[in-house]
Amino acid sequence: MADVTYKVLLFMKRRPGMTVDAFRDYYENNHAPLCEKYTSGVTRYIRRYVDPLPHPETGPNDEMSFDVITELWFDDEAIFRGTVDYITSTIMPEVIVEDEKQLFDRASFRIATVVERESRLVAQ
């Protein structure tokens, strides 16, 4: 039987002029702790920082359109759907918006959802 996890993915770019190191430090030490206060029903809150690498066919990739993929995980489909409805139709609380301005290029935000099904394989 497959387990089901529901996820919201947030693709975000650091604000212009901010270094990668400063971005990651601020996110981990300021923004993430602030956002944790608003994670009722979220089972995991993950930040995946992206480091571009060269590709053998297309060459160097020094800059990507996002610096982090933030994942919000849910075990409960109703809470997941409610969160998706909220974040796609409502402006975040003012304290979050003001903090985001210190960190992100807010115009770059992209949101996607994932329904993940994982098979539990038996070792052979």
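## Helix packing and the buried core

At 2% relative accessibility, T70 counts as buried, because the cut-off for that class is under 20%. The model described here is predicted. T70 is located in strand β3, which spans residues 68–74. Its side chain is joined to that of Y27 by a polar contact of 2.6 Å. Leaving aside residues up to four places away in sequence, T70 touches V8, L9, L10, M12, Y27, Y45, I46 and R47.

Y27 also takes part in the contact of helix α1 with helix α3. The axes of α1 (residues 20–35) and α3 (residues 94–103) come within 10 Å and cross at roughly 175°. The two helices are therefore roughly antiparallel to each other. The residues on each side of this contact are tabulated below.

| Helix | Residues in the contact |
|---|---|
| α1 | F23, Y26, Y27, N30, H31, L34, C35 |
| α3 | V95, I96, D99, E100, Q102, L103 |

By class, the residues of this contact comprise eight nonpolar, three polar and two charged.

In soluble globular proteins, nonpolar side chains tend to be buried together. The largest nonpolar core of this model has 21 residues, of which V8, F23, Y27, L103 and F104 touch the most other members. Elements giving two or more residues to this core are β1 (2–12), α1, β3, α2 (77–87) and α3. Helix α1 supplies the largest share, six residues.

L103 belongs both to this core and to the α1–α3 contact. With residues up to four places away in sequence not counted, L103 touches K13, R14, R15, M18, F23, Y26, Y27 and H31.

Conventions
Residues are numbered from 1 along each chain as its sequence is written. This is a predicted model: local features need pLDDT of at least 70, side-chain atom pairs count only at pLDDT 80 or more; totals for chains, interfaces and linings use all residues. Side-chain values use heavy atoms; hydrogens and water are left out. Axes are lines fitted to C-alpha atoms, for helices over the stretch in contact, and angles run from 0 to 180 degrees between N-to-C directions. Helices (H or I, at least four residues) and strands (E, at least two) are DSSP runs, numbered from the N terminus. Angles under 35 degrees count as roughly parallel, over 145 as roughly antiparallel, 65 to 115 as roughly perpendicular and the rest as oblique. Contact means heavy atoms within 4.5 Å. Ala, Val, Leu, Ile, Met, Phe, Trp, Tyr, Cys and Pro count as nonpolar, Asp, Glu, Lys and Arg as charged, and the others, Gly among them, as polar. Buried means under 20% relative accessible area, exposed over 50%, partly exposed in between (1.4 Å probe, protein chains only). A polar contact is a pair of N or O atoms within 3.5 Å; within protein, one must be able to donate a hydrogen and the other to accept it, and residues adjacent in sequence count only if both atoms are side-chain atoms. A nonpolar core is a set of buried Ala, Val, Leu, Ile, Met, Phe, Trp, Tyr and Cys residues joined through side-chain atoms within 4.5 Å.
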